[in-house]
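Colleague: Could you walk me through this one, step by step? I'm new to reading models.

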Amino acid sequence: MALIAVAAIMLSAVASAGNLLLCLHRAQNAADLASVAAATRYMELCRPLLRGGTYHSGNNAAIGSCTIEGDDVLVEAQVGTQVPFVSHVSKRSRAGPIVCE
């Protein structure tokens, strides 16, 4: 009986780790896409078109923050998890022009 309990605990730990890893990848994808889109829009119009808070992408992510540093756009994306004690994970991304020599 104890062996079954240990196996169940191990299985749930592996499932939780897998969910966290998946959510981290979703957050990174959303941050990358949002930062590139914002940087493109910023360079086209010479002004930012940035909306924070409740923007949702195909990765089920919310944009936590979106700021501009020089010509770069910094975006933080958050994705909710299904893991107890870890309600969400977040990742950051930076996009901007590169110098072509």
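Colleague: Is Thr81 buried or exposed?
Modeller: Remember first that this is a predicted model, where local features need pLDDT of at least 70 and side-chain atom pairs count only at pLDDT 80 or more, while totals for chains, interfaces and linings use all residues. Residues are numbered from 1 along each chain as its sequence is written, and side-chain values use heavy atoms, leaving out hydrogens and water. Buried means under 20% relative accessible area, exposed over 50% and partly exposed in between, with a 1.4 Å probe and protein chains only. Thr81 has a relative accessible area of 14%, so Thr81 is buried.

Colleague: Which residues does Thr81 touch, apart from those up to four places away in sequence?
Modeller: Thr81 sits in strand β2; strands (E, at least two residues) and helices (H or I, at least four) are DSSP runs numbered from the N terminus. A contact is a pair of heavy atoms within 4.5 Å. With that rule, Thr81 touches Asn19, Leu20, Cys23, Val86, Ser87, His88 and Val89.

Colleague: What pattern does the protein follow along the sequence?
Modeller: Its secondary structure comes to one helix and three strands. Read along the sequence, the pattern is α-β-β-β.

Colleague: Where is confidence highest, and where is it lowest, in the protein?
Modeller: The score to look at is pLDDT, the predictor's confidence in each residue from 0 to 100. The protein averages 77, and 79% of the residues score at least 70. Watch out for residues 45-54, where the pLDDT is below 50; that stretch has twelve contacts in the model beyond near neighbours in sequence. Confidence is highest in strand β3 (residues 86-95), at a mean of 84, and lowest in strand β1 (residues 61-69), at 78.

Colleague: Which residues are linked in a network of salt bridges?
Modeller: A salt bridge needs a side-chain nitrogen of Lys or Arg within 4 Å of a carboxyl oxygen of Asp or Glu. Arg94 pairs with Glu69, with their closest N and O atoms 3.6 Å apart, and with Asp72 at 3.3 Å, N to O. Arg94 lies in strand β3 and Asp72 in strand β2, so this pair ties together parts 22 residues apart in sequence. The linked residues are Glu69, Asp72 and Arg94.

Colleague: Does Arg94 count as buried, partly exposed or exposed?
Modeller: Glu69, one of its partners, has a relative accessible area of 45% and is partly exposed. Arg94 has 48% relative accessibility, so Arg94 counts as partly exposed.
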